[in-house]
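Visitor: I am new to this structure. Please show me how to read it.

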Amino acid sequence: MRRRNLHLEDPVDHFTGRSPDDGTRGSWNARFDAMTVITGRNIWIDHCTFTDGRFPDREAPLGFHGERVQRHDGLLDIEGGSDFVTVSDSRFENHHKAILIGPGDGRGDRDRGHLKVRYPGGGPWLAVAAYGGAEFLDTGSWFNGRPARLNAVASALGLGSEVGWDPDDVYDHRALTSPAASERYVLRHAGAGRPHGRP
């Protein structure tokens, strides 16, 4: 299945719940995502733009502790044992929780051995955490102009690097080798309605 050239504005949850046990001071948790892939297989999400749109959380009303109410959930969630999902040349803008891969430790039975997701032509997100998984492998991510060294972070968390597949065996692409090249490519090609290119 392929989804291309979509502009998705994350829905606003006007009845957001507060979870006091989420983090050290609690957190707001909205209900709806802009797009969710559940039990999907062989999905290609290409040249899409994901955003808070007309209702950014920076303009939301103040809640507990003087924090803005989080009225949006994820822009793109991939879960429920989904597999072989590619998100290419897409933009994630003006949002706090951009992407979730896997719903958490309580769903390991559905996700174990799945959740093979690739982001060629990448985006500016960066996080590694151990949520009950066993393997993690990154190739070529940069952060603030330097190699991100995410594999070292994952190794320190006890994650291995044998993910069981190599994207180079499946995708025909040319790697972007610097932050400047990645930025130029994303600004020119990523997002809904942009010209299609190939890294």
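**Reading the features**

Guide: Start with a helix: the buried residues of α3 pack against β10. Contact means heavy atoms within 4.5 Å. Buried means under 20% relative accessible area, exposed over 50%, and partly exposed in between, with a 1.4 Å probe and protein chains only. Helices (H or I, at least four residues) and strands (E, at least two) are DSSP runs, numbered from the N terminus.

Visitor: What kind of model is this?

Guide: This is a predicted model, where local features need pLDDT of at least 70, side-chain atom pairs count only at pLDDT 80 or more, and totals for chains, interfaces and linings use all residues. Residues are numbered from 1 along each chain as its sequence is written, and side-chain values use heavy atoms, leaving out hydrogens and water.

Visitor: Which residues of helix α3 are buried?

Guide: In α3 (residues 179–189), they are Ala 181, Tyr 185, Val 186 and His 189. They cover an arc of only 125 degrees around the axis, so they sit on the same side of α3. The arc is that of the directions from the helix axis to the C-beta atoms. Just after α3, Gly 191 has a positive phi of about 110 degrees.

Visitor: How many aromatic pairs are there?

Guide: Rings of Phe, Tyr and Trp (its six-membered ring) pair if their centres lie within 6.5 Å; planes under 30 degrees apart count as stacked, over 60 as edge-to-face and the rest as tilted. The count here is one aromatic pair. Phe 50 and Phe 92 have ring centres 4.7 Å apart and planes at 5 degrees, so the pair is stacked. Phe 50 lies in strand β7 and Phe 92 in strand β10 (residues 91–93), so the pair ties together parts 42 residues apart in sequence. Phe 50 is buried, at 0% relative accessible area. Phe 92 is buried too, at 12%.

Visitor: In what order do the strands of the open sheet lie?

Guide: Strands of a sheet pair through backbone hydrogen bonds, either parallel or antiparallel. Two strands count as paired if DSSP finds at least two bridges between them. The open sheet of three strands here has the order β5-β8-β11, with parallel pairing. β5 and β11 (99–101) stand at the edges with a single partner strand each, so one side of each lacks a neighbour in the sheet. Four bridges join β5 to β8. Val 37 has Ile 78 in β8 as its bridge partner.

Visitor: Is Asp 73 buried or exposed?

Guide: Asp 73 is buried, at 16% relative accessibility. Asp 73 is found in the loop between β7 (49–51) and β8. Beyond its neighbours within four places in sequence, its contacts include Asp 10, Arg 31 and His 95.
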